[in-house]
Amino acid sequence: MFEADIKGFFEHIRWDWLLKRLAQRGEDGAWLGLISKGLRAGILEEEGRVLHPESGTPQGGIVSPVLANVDRHYVLDLGFERRVKKPSRGGGAWFRPADDFVAAFGWRHEAQQFERDLPERLKGFGLELAWDKTQTIRFGRRGGEPNGRFDLRGFEFRWENSRAGRPVVQRRTAPKKRRAAVGRFTEWMRGHRHERLGQLRETRRAKEEGPWNYYGLIGNSESLHGYGQETTRRVFQGLNRRGQRRSYRWRSFWRWRQRFRIPAPRLRERA
């Protein structure tokens, strides 16, 4: 298994290469001209300066991820399918949700060869790997020890035995993502703990709906409940710092939760 991330991908996309590939897809001249203008539009900074980059996609533009996906398709997807997977003897699989990706191989030496060849291919497009986020690991049903784990799109993937004793891939919230989410919630609570209790309840519900919707996958209930417990503790601490006197003890705090019907974390995925 080869896990990697491209360094500064959105800032290093070559315009000439991208426009050439779009033209090959049959885009009309007027549309290509509009895209070209969008790519060359300046970036307004907070200080009032306007930057005019010579590569990359528009920062914050709605078309940016679409153009980046077209570029990645030709740079990475087709290269893997034609040059790596097709001649591979052990088989291969490719997962590329964004500028990070995972390539799976049946044989370790094929993964190592891919790791050696990829930097040279990316160099031809003005790209390079983020080596601090790149690794080759053992990852398989019969991978033995140590069988590694990897992070992708905020999830940690690892092999574990199911209740029936069969090895399955388990998904849970990546620990660093969970810590970062708790940190953001803590900062929010510090700045809003003096709001009315009803407003706090509604805002908290809205802030937790996002993690539940994204991370609410089967097998991730432990992480979700852990996140819920940590944020509940932050709310309890915040409410007790609204004044000089302590406002709640745990028993009265739980009555407050029941009164406002604050829901517990729940899974969104269906079997």
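The crossing of α1 and α2 is right-handed, meaning that the near helix is turned clockwise from the far one by less than a right angle. This is a predicted model, where local features need pLDDT of at least 70, side-chain atom pairs count only at pLDDT 80 or more, and totals for chains, interfaces and linings use all residues. Residues are numbered from 1 along each chain as its sequence is written, and side-chain values use heavy atoms, without hydrogens and water.

Helix α1 covers residues 15-24 and helix α2 residues 29-39. Helices here are DSSP runs of H or I with at least four residues, strands are runs of E with at least two, and both are numbered from the N terminus. The two helices pack at about 160 degrees, their axes 11 Å apart. That makes α1 roughly antiparallel to α2, a term for angles over 145 degrees. Axes are lines fitted to C-alpha atoms over the stretch in contact, and angles run from 0 to 180 degrees between N-to-C directions.

Which residues of α1 meet α2? They are Trp15, Leu18, Leu19, Leu22 and Ala23, and they meet Leu32, Ile35, Ser36 and Leu39; contact means heavy atoms within 4.5 Å.

Now the strands. β7 (residues 150-152) and β8 (residues 155-161) run antiparallel, joined by 3 bridges; strands pair if DSSP finds at least two bridges between them. Asp151 has Glu156 in β8 as its bridge partner. This hairpin has 2 residues between its strands, and Arg153 in the turn has a positive phi of about 55 degrees.

β8 also pairs with β9 (residues 167-173), antiparallel, over 7 bridges. There Phe157 stands opposite Arg171. In that hairpin 5 residues lie between the strands, and Gly165 takes a positive phi near 90 degrees.

Conventions
Parallel < 35°, antiparallel > 145°, perpendicular 65-115°, else oblique.
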